[in-house]
Amino acid sequence: MKIKVPAGVDNGTKMKFSDLDIVFNVGRSHEFLREGADIFSEIKVSIPQLVLGDIFEVNTVSGKVKVKVPPGTQPGSLVKLKGKGAPRLNDGHGDHYVRVNLEVPKNPS
């Protein structure tokens with residue numbers, strides 16, 4: 001028996017197939033956190049990159065995307081990538097949020 005699962009299925013989504021009721025349980029990713037159709041991930045940046053700003057390549061569910069971290073971004077801030085999240089069951093996509101974490105050197109010189 002083959003079942004076509006539509007993009008955007010989330011935990012608890014119910015689907016009827018012939019005489020069966022199917023309830024989906026979506027596995028967790030080691031790289032992303034999913035909340036509905038929104039995706040969250042993190043990048044680590046150095047102090048100069050945080051102060052001066054920089055461009056980073058980030059993995060999304062639809063491939064790699066360049067994200068600009070503006071100068072003066074505060075540690076822990078979220079950068080929003082509109083429409084780069086998971087597909088919604090009916091239409092469109094959620095957003096991808098990238099948390100900017102400060103990477104503090106262990107042995108500064």
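Asn25 is exposed, with a relative accessible area of 69%. In this predicted model, Asn25 belongs to the loop between strand S2 (20-23) and strand S3 (33-35). Lys14 lies 11 residues away from Asn25 in sequence. In space, the two C-alpha atoms are 9.9 Å apart.

The loop between strand S1 (14-17) and S2 holds Ser18. The phi angle of Ser18 is near 55°. This value is positive, and the residue is not a glycine. Ser18 is exposed, because its relative accessible area of 59% passes the cut-off of over 50%.

Three salt bridges occur in the structure. One of them joins Lys16 to Asp21, with 3.4 Å between the closest N and O atoms. Lys16 has a relative accessibility of 60% and therefore counts as exposed.

Another salt bridge pairs the side chains of Glu57 and Lys64, at 3.8 Å from N to O. Glu57 and Lys64 are both exposed.

Lys80 and Asp95 also form a salt bridge. Here the closest N and O atoms are 3.6 Å apart. Lys80 sits in strand S7 (residues 78-81), whereas Asp95 is in the loop between S7 and strand S8 (96-102), so the pair ties together parts that are 15 residues apart in sequence.

A nonpolar patch on the surface is formed by Ile47, Val51, Leu52, Leu102 and Val104. Together these residues have about 470 Å² of accessible area. Helix H1 (residues 47-52) makes the greatest contribution to the patch, with three residues. Val51 is placed in helix H1. Its relative accessibility is 53%, so Val51 counts as exposed.

The largest pocket holds about 250 Å³ of space. Its lining consists of Asp10, Asn11, Val26, Gly27, Arg28, Ser29, Phe32, Leu33, Arg34 and Ile39. By class, four of the lining residues are nonpolar, three are polar and three are charged. Rolling a probe the size of a water molecule over the atoms shows where empty space is left.

Arg34, one of the residues lining the largest pocket, is part of strand S3. Its relative accessibility is 29%, so Arg34 counts as partly exposed. Arg34 and Gly94 are 60 residues apart in sequence. Their C-alpha atoms are 9.9 Å apart in space.

A further pairing across the sequence involves Asp54. This residue lies in strand S5 (residues 54-60). Asp54 is partly exposed, with a relative accessible area of 31%. The C-alpha atoms of Asp54 and Pro70 are 6.8 Å apart in space. In sequence, Asp54 and Pro70 are 16 residues apart.

How values were computed: Residues numbered from 1 in each chain as written. Predicted model: local features only at pLDDT ≥ 70, side-chain atom pairs only at ≥ 80, totals over all residues. Heavy atoms only, no water. Patch = residues over 30% accessible without salt bridge, like charges linked within 9 Å, V, L, I, M, F, W, Y side chains within 5 Å. Areas by Shrake-Rupley, 256 points an atom, 1.4 Å probe, with all protein chains shown as cover. Salt bridge = Lys/Arg side-chain N within 4 Å of Asp/Glu carboxyl O. Helix = DSSP H or I, 4+ residues; strand = E, 2+ residues; numbered from the N terminus. Buried < 20%, exposed > 50% of the residue type's maximum accessible area, 1.4 Å probe, protein only. 1 Å grid on protein atoms, 1.4 Å probe; cavity = no way out; pocket = protein on both sides within 12 Å on 5 of 7 lines; lining within 4 Å. Points joined across faces, edges and corners; volume = space filled by probe spheres on them. Nonpolar A, V, L, I, M, F, W, Y, C, P; charged D, E, K, R; others polar.
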